[in-house]
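Work through the exercises below with the sequence and the coordinates at hand. Each task is followed by a stepwise solution.

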Amino acid sequence: MNSPTPGPARPDARRRSRPGMWLAAVGVALAVGSGAALLAAPAAVPPGPTASETALAHAEADAVVLAVAAAGLSTSGAAAAPVDGAQQAAARAARVLDLQRGLLAGSPGPASPTTPAPAATPPADAAGVAEALDTSAQARRRDLGGVDGPTARLLASLAAGQQVQERLRAAVGGASAPVPPPTAPPAVPSAEPSPSSVPSCNRAGGPSSAGRSSAGEPSAGSAQGSSELATTVRAEQAAVWTYTVLAARSEGAVRAGHLASAAAHASQEDAARAIADASCVRLPADAAGFALAPDAATPASLAALEDSAAQAWSQLVGAAAPQQREAAADRLAAAARRLAPLGITPEEEAFPGHTEARRAASQAPQPSPAASPGG
């Protein structure tokens, strides 16, 4: 039996196949359109500078202005007599500021700040330079909480180095260089501490229990910057011990100076302990004592002692929580003021406590500060 020969497709079958054809056509059109859109899309916009990069760029812009101003002051008639050494003070400041500028010029980040420099032209007199130094230092400190730890450490060191240079105003003006105010003795704690004196981590409603022991005490080594805080307290204890022993071995004005230095370092130790309390860090037990080298009273040994404390504070700035950085930067500045008169190098004066920055600055060729701020 022969099978029937298929005839032509009926009209209703052709009508049923049209929706599928339309769907396929639409799919092809959409695919083509999507490809064309992808080809025509603009390139991705690169991300802008980070907060750390912007802070470093602003610091560089300020350092340029300050270096030019100090260099001009060191060669101007205003910096010459009537004060012996005034021109040298300005020249020293120019060298220190140029070291800062040279290091910042090699820092990562944009070549220029995202906002205009704070001063269009360098200040022409000592008072103006000192004011610009203070403005720059305060700007560096304001940036501490919003940048990463290494950048915060560098900014705090830059600010401390600039704060030390403010003494050139007094040198040029004929007055003695400013000294830190005398430190008041620490208050004797009462038997019943007030709620405000109890660390927030031990109070109800304070930070979470992370970083606390089962008894509610801060856990050693569990909070941010705990190792650096322990190192800082130990460095200050060593300084207190050294100056106290030296005072016992001396008399007159030398003895008084050593006792004053011991009191200053005791204040620094109290500040470190306050930061530890605020950070919920339980510090290790105090050392029973420290061995003194035979040359402990020499200027070189005392400079090394002071620099050890400055390095500890510098490390603490970078390791501390953002809200504790400014307090640590305060104490780094105090350490820098103690270190500056001890015959240190320009690199040590430019970057108090920051050994890596000193090393980099000493190895890098420094451009002349006589260039214009925009050049």
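**Exercise 1.** How many residues does the largest nonpolar core have, and which of them have the most contacts inside it?

Solution. The model is a predicted one.
- Step 1. The largest nonpolar core has 41 residues.
- Step 2. Those with the most contacts inside this core are L154, L155, W313 and F351.

**Exercise 2.** Find the elements that give two or more residues to this core, and state where its largest share comes from.

Solution.
- Step 1. Two or more residues are given by each of α2 (51–75), α3 (86–105), α5, α7 (226–248), α8 (252–278), α9 (299–319), α10 (325–339) and α12 (355–363).
- Step 2. The largest share, seven residues, comes from α5.
- Step 3. Another core, of 14 residues, lies apart from this one; A67, A70, A71 and L73 are among its members.

**Exercise 3.** List the contacts of W313, leaving aside neighbours within four places in sequence.

Solution. W313 is in contact with T232, E236, Q268, A271, A272, I275, A328, R331 and L332.

**Exercise 4.** Is Q162 buried or exposed, and which polar contact does its side chain make with another side chain?

Solution.
- Step 1. Q162 is placed in helix α5 (residues 149–164).
- Step 2. The relative accessible area of Q162 is 2%. Buried means under 20%, so Q162 is buried.
- Step 3. The Q162 side chain makes a polar contact with the side chain of S136 at 2.8 Å. The Q162 side chain also reaches the backbone nitrogen of A137, at 3.4 Å.
- Step 4. Not counting residues up to four places away in sequence, Q162 touches L66, L97, Q100, L133, S136 and A137.

Technical notes. Residues numbered from 1 in each chain as written. Predicted model: local features only at pLDDT ≥ 70, side-chain atom pairs only at ≥ 80, totals over all residues. Heavy atoms only, no water. Helix = DSSP H or I, 4+ residues; strand = E, 2+ residues; numbered from the N terminus. Buried < 20%, exposed > 50% of the residue type's maximum accessible area, 1.4 Å probe, protein only. Polar contact = N/O pair within 3.5 Å; in protein donor to acceptor, adjacent residues only side chain to side chain. Contact = heavy atoms within 4.5 Å. Core = buried A, V, L, I, M, F, W, Y, C linked by side-chain atoms within 4.5 Å.
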